[in-house]
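Hello,

Here is the structure I promised to pass on to you. Could you have a look at it when you get a moment?

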Amino acid sequence: MLYPCLGFNYLMPMLSACFSQGEIDTEKKRKDVAHKYSCTDNFSSSDIPQFLCYGGKDSLIMKEHTAEYISKLEETGTRHKVVLLPKANHGFGASLKSRRKYGDWIPQYIEWLNREVTVWLGRKSVSGCKNIS
């Protein structure tokens, strides 16, 4: 599963939380750091299937990053599944209450995982992967 904090291009304030002031004190340094740590710019794993799940009201996961990353997955023919929970905010799976409210992604993840592992192993099914909803 990929947690789509995919870069800093649209979330420059996050740079201050992750890097020292000296590493980002000029526009060029900020752009260089953003590029260096961009999952989209540095994508190299088209043979690894990816599951992206995020909340539509998440203020920490930038929609622009996610859209660019999904485009990269499609461009490279990477098998992927995207689940958008339109009303969910950041940390939608952190509490029991939010898991009950937004937990419909869990069976989707298990189904996706079972399918991808089945493809990888060349089998019909994988024991132990059950719907836990």
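Below is what turned up, going from the strands to the core and then to a few single residues.

First, the ground rules. This is a predicted model, so local features need pLDDT of at least 70 and side-chain atom pairs count only at pLDDT 80 or more, while totals for chains, interfaces and linings use all residues. Residues are numbered from 1 along each chain as its sequence is written, and side-chain values use heavy atoms, leaving out hydrogens and water.

Let me start with the strands. Strand 1 (residues 50–55) and strand 2 (residues 80–85) run parallel and are joined by 6 bridges; strands pair if DSSP finds at least two bridges between them. Between them the chain passes through helix 3 (residues 63–75), giving a right-handed β-α-β crossover. Right-handed here means that, with the strands pointing away from the viewer, the path from the first strand over the helix to the second runs clockwise. Helices (H or I, at least four residues) and strands (E, at least two) are DSSP runs, numbered from the N terminus.

The largest nonpolar core has 10 residues, among them Phe51, Cys53, Val83, Phe92 and Trp105. Such a core is a set of buried Ala, Val, Leu, Ile, Met, Phe, Trp, Tyr and Cys residues joined through side-chain atoms within 4.5 Å. Buried means under 20% relative accessible area, exposed over 50%, and partly exposed in between (1.4 Å probe, protein chains only). Strand 1, strand 2 and helix 5 (105–121) each supply at least two residues of this core, and helix 5 gives the largest share, 3 residues. A second, separate core of 6 residues includes Phe8, Leu15, Ile24 and Val33.

Helix 5 deserves a look of its own. Its buried residues are Trp105, Tyr109, Ile110, Trp112, Glu116 and Thr118. Just after helix 5, Gly122 takes a positive phi of about 70°.

What about the cysteines: how many disulfides does a search of the whole structure find? The search finds 0, counting pairs of cysteine sulfur atoms within 2.5 Å. Cys18 counts as partly exposed because its relative accessibility is 46%, and Cys39 does so at 30%.

Finally, Glu74 sits in helix 3 and is exposed, with a relative accessible area of 52%. Glu74 and Ser46 are 28 residues apart in sequence, and their C-alpha atoms are 9.5 Å apart in space.

Best wishes
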